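Please keep the sequence and the model in view while reading the points below.

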Amino acid sequence: MKIIMLGAPGAGKGTQAKRIAEKYSIPHISTGDIFRANIKNGTDLGKKAKEYMDKGALVPDELTCDLVMDRIQQDDCKNGFVLDGFPRTIPQAEALDAALGKIGEKMDFAVDVDVPDENIVNRMGGRRACLSCGATYHVVFNPTKEEGVCDACGAKTVLRDDDKPETVQNRLKVYHEQTQPLIDYYKKQDILKSVDGTQPMDAVFDAIVGILGA
Ligand code: AP5
Ligand code: MG
Ligand code: ZN
């Protein structure tokens with residue numbers, strides 16, 4: 001099963017993608033997590049990506065597409081994968097379709113986690129992220145057992161650099177301009193499914209399982 005998670009920054013793509021990956025035993029591929037891991041490790045890709053991410057801008061397609069195309073051709077992706085944060089532009093979506101088309105495959109579902117901008121700004125300030133394993137928490141909605149410590153791997157959790165309110169505003173603007181058009185793109189392909197992302201996390205997950213099948 002090959003799934004794309006769509007949705008604004010903070011809609012809950014990562015939260016749900018992790019659970020989907022577990023339930024259906026497919027890898028969770030988050031371009032944001034890949035970039036953050038590269039930043040943490042001080043790689044060239046990380047240095048380039050950071051310039052854009054800190055402003056809330058998109059990392060250029062040429063740095064993003066090849067990375068994902070390589071990743072989805074690895075062995076563990078044979079039975080499918082869940083993409084989180086990719087594609088984010090029409091050219092990225094076209095590159096993905098072209099790469100899959102070459103091997104006679106296509107995406108199965110594009111799940112849009114729908115949350116209005118007003119709710120997003122409130123969520124972001126409370127988010128805490130583990131930069132070691134990619135787990136995401138929220139100080140109110142999904143707290144760690146011990147404050148500041150990742151439940152999954154024991155590393156420190158942090159407020160992401162791009163979760164400052166002014167950067168969040170810019171990320172939302174970029175989302176509406178460059179990523180929202182993908183909703184129509186996948187509607188035309190007849191694989192778009194929408195879920196109400198303002199519900200509690202478990203209810204959102206149940207809705208997604210209802211779409212993907214148990
Ligand atoms: P990325 O890491 O993908 O960030 P994003 O899209 O802005 O999305 P987020 O990770 O902020 O939100 P999410 O939807 O995953 O929500 P989460 O589950 O954490 O990208 C970061 C940057 O990298 C981009 O700005 C760009 O620069 C670059 N980049 C990445 N991919 C790229 C690409 N393809 N092309 C170009 N550039 C790219 O949830 C948010 C919070 O809410 C959490 O605290 C969570 O616990 C809480 N929460 C989740 N669900 C609920 C719920 N139902 N109720 C209450 N709280 C909830
Ligand atoms: Mg995320
Ligand atoms: Zn962790």
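**The metal site and the ligand shell**

The zinc ion (ligand 3) has a tetrahedral site, with angles of 101 to 117° among its four donor atoms. The model is predicted.

**Zinc ion (ligand 3)**

- The zinc ion is coordinated by the SG atoms of Cys 130, Cys 133, Cys 150 and Cys 153, at 2.3 to 2.4 Å.
- Along the chain, these donors follow the spacing C-x2-C-x16-C-x2-C.
- Cys 133 and Cys 153, which are 20 residues apart, link distant parts of the chain. Cys 133 lies in the loop between β5 (127–130) and β6, whereas Cys 153 lies in the loop between β6 and β7 (157–158).
- Cys 133 has a relative accessible area of 31% and is therefore partly exposed.
- Cys 153 likewise counts as partly exposed, at 41% relative accessibility.

**Contacts of ligand 1**

- An oxygen atom of ligand 1 lies 2.9 Å from a backbone N or O atom of Gly 14.
- A polar backbone atom of Val 59 is 3.0 Å from a nitrogen atom of ligand 1.
- Gln 92 places a polar side-chain atom 2.9 Å from a nitrogen atom of ligand 1.
- Of the 1,000 Å² of accessible area that ligand 1 has on its own, the protein covers 97%.

**Shell around ligand 1**

- Ligand 1 is surrounded by 35 residues, and the closest are Thr 15, Ala 57, Arg 88, Arg 127 and Arg 171.
- The shell comprises 14 nonpolar, 13 polar and eight charged residues.
- The elements α1 (13–24), α2 (31–40), α6 (117–126) and β6 (136–138) each supply at least two residues of the shell.
- The element α2 gives the most, with four residues.

Technical notes. Residues are numbered from 1 along each chain as its sequence is written. Chains are lettered from A and ligands numbered from 1 in the order in which they are written. This is a predicted model: local features need pLDDT of at least 70, side-chain atom pairs count only at pLDDT 80 or more; totals for chains, interfaces and linings use all residues. Side-chain values use heavy atoms; hydrogens and water are left out. A residue is near a molecule or strand if one of its heavy atoms lies within 4 Å of it. A polar contact is a pair of N or O atoms within 3.5 Å; within protein, one must be able to donate a hydrogen and the other to accept it, and residues adjacent in sequence count only if both atoms are side-chain atoms. Accessible areas come from the Shrake-Rupley method with a 1.4 Å probe; for residues, only the protein chains shown count as cover. Ala, Val, Leu, Ile, Met, Phe, Trp, Tyr, Cys and Pro count as nonpolar, Asp, Glu, Lys and Arg as charged, and the others, Gly among them, as polar. Donors are N, O and S atoms within 2.8 Å of the metal (3.2 Å for Na, K and Ca); water is not among the atoms, so sites may look incomplete. Four donors count as tetrahedral if all angles lie between 85 and 135 degrees; four count as square planar and six as octahedral if opposite donors are over 155 degrees apart and all others between 65 and 115; anything else is irregular. Buried means under 20% relative accessible area, exposed over 50%, partly exposed in between (1.4 Å probe, protein chains only).
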